[in-house]
Amino acid sequence: MARRPANRFVCQSCGAVFSKWSGRCDACGAWNSIVEETVEPTATGGTNARRRTGARINLVGLGGDTPPPPRIETCIGELDRVLGGGLVPASVVLVGGDPGIGKSTLLLQGACALARAGRKVMYISGEEAVDQIRLRARRLGLEAPTLELAAAINVADIAATLDAEKDLALVVIDSIQTMWMETVESAPGTVSQVRACAFELIRLAKQRGFSLILVGHVTKEGALAGPRVLEHMVDAVMYFEGDRGHQFRILRAAKNRFGATDEIGVFAMTDQGLEEVPNPSALFLAERRGHIAGSAVFAGMEGTRPVLLEVQALLSPKAGDGGARRAVVGWDTGRLNMLLAVLEARCGIKLNAMDVHLNIAGGLRVGEPAADMAVAAALVSAATGQPTSAGSVYFGEVGLSGEIRQVSQPDTRLKEAHKLGFEHAFLPRRIARGNRKPTAPDGLGIQEIGHLGDLVSLFTAGMEEAEA
């Protein structure tokens with residue numbers, strides 16, 4: 001006897017399934033994210049049902065003579081850098097970002113560049129009409145007569161079209177949340193629809209050998225909408241970051257099966273679309289003013305690329321009877337609270353009665369612990385009123401006992417600092433045996449700091465000299 005379709009309630013944030021609706025998901029804590037979905041019954045193996053016997057699969061060794069397929073360069077250097085050298089045939093890339101950040105603009109520019117290079121590219125949009133895409137391309141000055149456009153949301157029609165095409169190099173789906181399958185009884189954008197549509201498109205990409213780029217919406221917290229299973233299904237996940245108040249846009253690789261993770265590409269938003277920024281350090285420091293208390297330059301690493309950024313700190317007396325305020329832009333608030341506690345407990349700098357404002361200039365978000373010493377230098381500079389040297393950079397991780405710990409790739413950081421004209425670098429002291437002393441370029445002096453108190457003493461000594 002055929003079973004009736006069953007209803008279930010699925011959280012659109014984490015994919016958890018419940019038997020009844022509730023206002024809050026018990027699995028992830030999201031509010032108003034549970035949506036009712038219909039599940040079609042599947043045939044079960046009864047007493048008279050004939051079960052399919054699986055066939056033996058062919059096993060091969062790890063070593064093989066087949067060379068890897070050549071990568072497809074998108075003709076956009078920063079995009080190729082994040083991808084690991086270009087698109088891999090039969091790979092699937094998921095691109096996420098806030099609305100209006102520039103995802104569709106970047107992908108349209110890449111699709112046009114590939115089409116002009118003689119590749120067969122198809123751009124399918126579920127959010128815009130074809131005339132709207134043409135209008136945007138005309139506004140950006142893009143010309144690619146061979147680029148094939150379509151406005152569709154039915155995955156069955158899209159799959160039939162892709163299956164009939166030959167020599168496809170790239171297919172862009174903008175966006176996966178707008179796609180829809182008739183066999184799934186739920187609205188577009190729900191967990192079931194997103195999972196089913198993505199699976200069908202990924203199957204076609206692997207079978208036919210074309211590269212597939214899926215555009216994904218993000219939640220208000222900045223994570224990709226839908227369950228994490230969508231990120232597990234694809235080969236690479238890239239986030240498009242940036243503040244609308246800044247012209248810079250950062251394309252960051254969170255997952256990449258064919259290249260380095262945490263690699264970034266830097267773009268500048270202009271009236272002609274997104275332009276590459278081959279030297280982001282010089283651009284991030286272009287408006288920096290030296291000899292200002294509360295400012296320090298951090299020599300960081302984003303993937304394989306060294307990036308120099310300005311860390312700005314501002315202290316003001318606490319207003320009112322409440323707790324002191326901690327306002328952070330571009331860094332982790334918990335990390336700042338830890339660093340303030342270390343400065344007070346290990347170095348005697350009292351900042352609990354001060355409002356602390358910290359900013360990473362340029363709109364880039366820093367996540368590596370190597371920024372601890374640069375942040376500490378900016379805070380101590382603001383507290384003592386002594387500016388840091390305009391030609392100095394800082395990097396090093398701060399431990400809870402105040403020790404400065406080693407960080408990765410110090411030579412690369414020093415070379416980038418020297419290239420931009422810096423004359424001095426503060427870095428962790430070599431304590432562990434076997435640690436090789438970093439090679440400083442000619443003209444760049446280095447000073448090793450073993451404890452946060454040694455860094456503080458540099459500013460307090462300068463303050464005593466100024467008073468004398």
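This is a predicted model: local features need pLDDT of at least 70, side-chain atom pairs count only at pLDDT 80 or more; totals for chains, interfaces and linings use all residues.

Q: What span should the 18 residues of helix α5 have, and how far apart are its end C-alpha atoms?
A: Helix α5 covers residues 191–208. The expected span is 1.5 Å times one less than the number of residues. For α5 that gives 26 Å, and the computed distance agrees: the end C-alpha atoms are 26 Å apart.

Q: Which residue just after α5 takes a positive phi?
A: Helix α5 ends at residue 208. Just after α5, a phi of about 85 degrees is found at Gly209.

Q: How many aromatic pairs does a search of the whole structure find?
A: Ring centres must lie within 6.5 Å to pair. The search of the whole structure finds three.

Q: What kind of pair do the rings of Phe248 and Phe284 form?
A: Their centres are 5.0 Å apart. Phe248 is in strand β10 and Phe284 in helix α7, 36 residues apart. Both Phe248 and Phe284 are buried. Planes over 60 degrees apart count as edge-to-face, and these planes stand at 75 degrees, so the pair is edge-to-face.

Q: Which strands hold Tyr394 and Phe426?
A: Tyr394 and Phe426 form a stacked pair, 4.8 Å centre to centre with 5 degrees between the planes. Tyr394 is buried, and so is Phe426. The pair ties together parts 32 residues apart in sequence, because Tyr394 lies in strand β17 and Phe426 in strand β20.

Methods: Residues are numbered from 1 along each chain as its sequence is written. Side-chain values use heavy atoms; hydrogens and water are left out. Helices (H or I, at least four residues) and strands (E, at least two) are DSSP runs, numbered from the N terminus. Rings of Phe, Tyr and Trp (its six-membered ring) pair if their centres lie within 6.5 Å; planes under 30 degrees apart count as stacked, over 60 as edge-to-face and the rest as tilted. Buried means under 20% relative accessible area, exposed over 50%, partly exposed in between (1.4 Å probe, protein chains only).
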